[in-house]
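Let's take a walk through this fold, strand by strand. Have the structure open and follow along.

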Amino acid sequence: GSGRIKINSGTVQTAVTVHNTGSPAESDLEALLWKGTHASNTLTARGDASVGVAVFGGETAVIATLTVDGNARVRCGAGTTLTTVNVNAGTLEVNSAMGGTLTMLAGSVTINGTATVAQLTLRGGTCVYSSTGTIGGNLVLTGDAVLDFSQAPGAVAITNPVELYGTNCRLIDPNKRVTSLVVDLNESASEGQVVWG
């Protein structure tokens, strides 16, 4: 497959499905670079796809529903507007605000910069919160999910209590980045699953 494909959908509503790509032609860029600004765009990346969304300075993109699966690697630049994000597997890097929900079953997610998240539901995998943006709405951890604030560069506000369900999920905040951290323990969850700092 090609190591460099660039697509600009403009204002046309677009459903993008990437089943696979070649290895990226450059180490700091993805193999498929896409942008498009229609409010109802969707993007699904699966297989060994390597996808960058609005990764260059000044670029913008809008994705109503983003789905990451398989071994896919997706990076969303600062100009990306996200609403619903589903990570079933693979790797996602977010450098922009998420106005809706992020639901994760497996894989890894990194949230950077000042990105904000309206709601997080983590059922598996690892989410590294390297942002100082607020997490609003519900924040739920279950299964073997891990939410890691150890790389947050500053204070993080969480609007509601963090809900831990079961005995395998973990919340990590060794540097006490979360201001006024409140955790609700459900279904046999214990304080030992939280690294308080």
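Thr101 has Gln119 in E12 as its bridge partner. The two strands here are E10 (residues 98-104) and E12 (residues 117-122), which run parallel and are joined by five bridges. Strands are DSSP runs of at least two residues, numbered from the N terminus, and two of them pair if DSSP finds at least two bridges between them. This is a predicted model, where local features need pLDDT of at least 70, side-chain atom pairs count only at pLDDT 80 or more, and totals for chains, interfaces and linings use all residues. Residues are numbered from 1 along each chain as its sequence is written, and side-chain values use heavy atoms, with hydrogens and water left out.

Carry on from E12 and you reach E14 (residues 139-141), again parallel, through three bridges.

Now for the open sheet: ten strands, paired in parallel, in the order E1-E3-E5-E7-E9-E11-E13-E15-E18-E21. E1 (5-10) and E21 (194-195) sit at the edges with a single partner strand each, so one side of each has no neighbour in the sheet. Inside that order, E9 (residues 91-94) and E11 (residues 108-113) share four bridges in the parallel sense, and Val94 stands opposite Ile111 in E11.

Ile111 also turns up in the largest nonpolar core, which has 50 residues; among those touching the most other members are Val51, Leu66 and Leu122. Strand E6 (residues 61-68) gives this core its largest share, four residues. Such a core is a set of buried (under 20% relative accessible area, 1.4 Å probe, protein chains only) Ala, Val, Leu, Ile, Met, Phe, Trp, Tyr and Cys residues joined through side-chain atoms within 4.5 Å.
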